[in-house]
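Subject: Structure for you to look at

Hello,

Here is the structure I said I would pass on. My notes on what was found in it follow below.

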Amino acid sequence: MSSQASKASPTSPASRGGIGRVISASLIGTTIEWYDFFLYGSAAALVFNKLFFPSSEPLVGTLLAFLTYAIGFAARPLGGLVFGHYGDKIGRKKLLVLSLLMMGGATFAMGLLPTHASIGVGAPVLLTVLRLIQGFALGGEWGGAVLLVSEHGDDKNRGFWASWPQAGAPGGNLLATGVLALLAAFQSDETFLAWGWRIPFLLSGVLVVIGLWIRVSVSESPLFLEAQAKAAEQAAVGAREKPPVVEVFRTNWRGVLTAIGTRLGENISYYILTAFLLVYVTTHLGLSKSNGLNAVLIGSAVHFVTIPAWGALSDRIGRRPVTLIGSLGMTGWAFAFFAMLDSKSFPVIAAAVTIGLLFHGAMYGPQAAFISEMFDTKVRYSGASMGSQLASIIGGALAPIIAVALLDDYDSSLPISIYLAAAALVTSVTVLAARETRGRNLARSYGATPVPVPGGRRAEAGAELASPGN
């Protein structure tokens, strides 16, 4: 085994200073990647529908812009598959550096694109290609970032530690929305549409340099290093391993399905509360884009702070109860949310977004630890990435498109509320059917015996949790 592995063995969790560096690297990296990804969603609602998909019908142009938005999600499972395979083979850290470079490069290039008025149909084609690269990179980012933290930390506080990369999502949205809101405040609509929208995309280049400088300084996951050493020993005696993605579907396909169901309500609700909100406020209610942007800005700030709190709570009472607080709360909030938006009062709109994101955070905060604990080290990157990214296709990718189409057809928010509530109920049912994973020792193999954890529950660390087909 390598000296690096021996210094930070799975049985000796990283020191507080060491885990702090890992968390910082994962949080900053995911914040930058989500900044890039969410920036596109906001621009699709405010700019791309006019510059790349001009149409006489505003909602039609918006729908086309969101179709390219969805293409980014379609590429995420492929990214999860590729990054997961190599992340389980050569390490988490190398793949996280690559994902950051790909995402930042694609976003920076978007800021240089000619528009439809300049080159015609070539503009949306180029935009779509860059969106595919964004989605591919993000598909590999999430699994690697949360696993790097989960596998460095200890079993007792994993929910809290692993929730910090999750906070990168509202952190990125906060950054993207903040830049757009700042530009909207100091630029006229004409100036913003002419060239101001390019500034946030070009800023990505600076952010990527900062993120890389921090990310390359952390050590590889100690659990991965140990698993790699064991695989090398087995290979030396002639044993052959199946590809990680094959192995995870062979031995733990229910874990993948559980991850999909757990993410569905969370994923759909987030993009309704943030990306579609901008369409609803500007197109349906006739308010300025600043109302939507500032509401998301306030909600994202609260969201960022509270996600780690939800993760810490899951260390005390379990992943399932905290997730159910969020999913059941979102089921009811789906109807109150649009009623509050229809008031056209900014404080009420901001409160609607903030409370909705609090329920979302209860689902999202424990999620990194919950999904990580479903899989063994040698297939964890593949399993976590595939489960989470497959959910993004049927969840976040389609959510704004379905919401815009429902609004266009019915001119009412009620069908959208029903859609959102149904997605949250799917997550509730999935979590109720799943086993509690709090306290699982990630260093143990699937064949190990379940171990006791505080509170009298058993950590599903062994064959009961991860037997083939379980």
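**A buried threonine**

Thr323 counts as buried because its relative accessibility is 1%, and the cut-off for buried is under 20%. Please keep in mind throughout that this is a predicted model. Thr323 sits in helix α16, which covers residues 319–341. Setting aside neighbours within four places in sequence, Thr323 is in contact with Ala362, Met363, Pro366, Thr427 and Val431.

**The protein as a whole**

The protein has 470 residues, and 61% of them are buried. Its secondary structure comes to 22 helices and two strands. Of the contacts between residues at least 6 apart in sequence, 83% join residues at least 24 apart.

**Cores**

The largest nonpolar core holds 118 residues. Which of its residues touch the most other members? They are Phe48, Phe52, Ile272, Phe276, Phe337 and Leu341. Helix α2, residues 16–51, gives the most to this core, namely 17 residues. As for Ile272, it is in contact with Leu277, Phe338, Ala399, Ala403, Ile416, Tyr419 and Leu420, leaving aside neighbours within four places in sequence. Another core lies apart from the largest one; this other core has five residues, among them Val97, Leu100, Val208 and Leu212.

**Helix α4 and its two partners**

Two packed helices are described by the angle between their axes and the distance between the axes. Helix α4 (residues 76–90) packs on helix α7 (residues 122–152) at an angle of about 50°, and their axes are 6 Å apart. That angle makes α4 oblique to α7. The crossing of α4 past α7 is right-handed. On the α4 side, the contact is made by Arg76, Leu78, Gly79, Gly80, Val82 and Phe83. On the α7 side, Gly135, Phe136, Leu138, Gly139 and Gly140 take part. By type, the residues of this contact are five nonpolar, five polar and one charged.

The other partner is helix α5 (residues 92–110): its axis and that of α4 come within 7 Å and cross at roughly 145°. Here α4 contributes Phe83, Tyr86, Gly87, Asp88 and Ile90, while α5 contributes Arg92, Lys94, Leu95, Leu98, Ser99 and Met102. The residues of the α4 contact with α5 divide into six nonpolar, two polar and three charged.

Arg131 and Ala70 are 61 residues apart in sequence, and their C-alpha atoms are 9.0 Å apart in space.

Helix α8 (residues 158–166) is mostly covered, with seven of its nine residues buried. The buried ones are Arg158, Gly159, Trp161, Ala162, Ser163, Pro165 and Gln166.

Val179 belongs to helix α9, residues 168–186. With a relative accessible area of 17%, Val179 is buried, since the cut-off is under 20%. Not counting residues up to four places away in sequence, Val179 touches Tyr35, Pro200 and Leu203. Val179 and Leu293 are 114 residues apart in sequence, and 9.8 Å apart from C-alpha to C-alpha.

Regards

Notes:
Residues numbered from 1 in each chain as written. Predicted model: local features only at pLDDT ≥ 70, side-chain atom pairs only at ≥ 80, totals over all residues. Heavy atoms only, no water. Axes fitted to C-alpha atoms, helices over the stretch in contact; angles between N-to-C directions. Helix = DSSP H or I, 4+ residues; strand = E, 2+ residues; numbered from the N terminus. Parallel < 35°, antiparallel > 145°, perpendicular 65-115°, else oblique. Left-handed = near helix turned anticlockwise from the far one by under 90°. Contact = heavy atoms within 4.5 Å. Nonpolar A, V, L, I, M, F, W, Y, C, P; charged D, E, K, R; others polar. Core = buried A, V, L, I, M, F, W, Y, C linked by side-chain atoms within 4.5 Å. Buried < 20%, exposed > 50% of the residue type's maximum accessible area, 1.4 Å probe, protein only.
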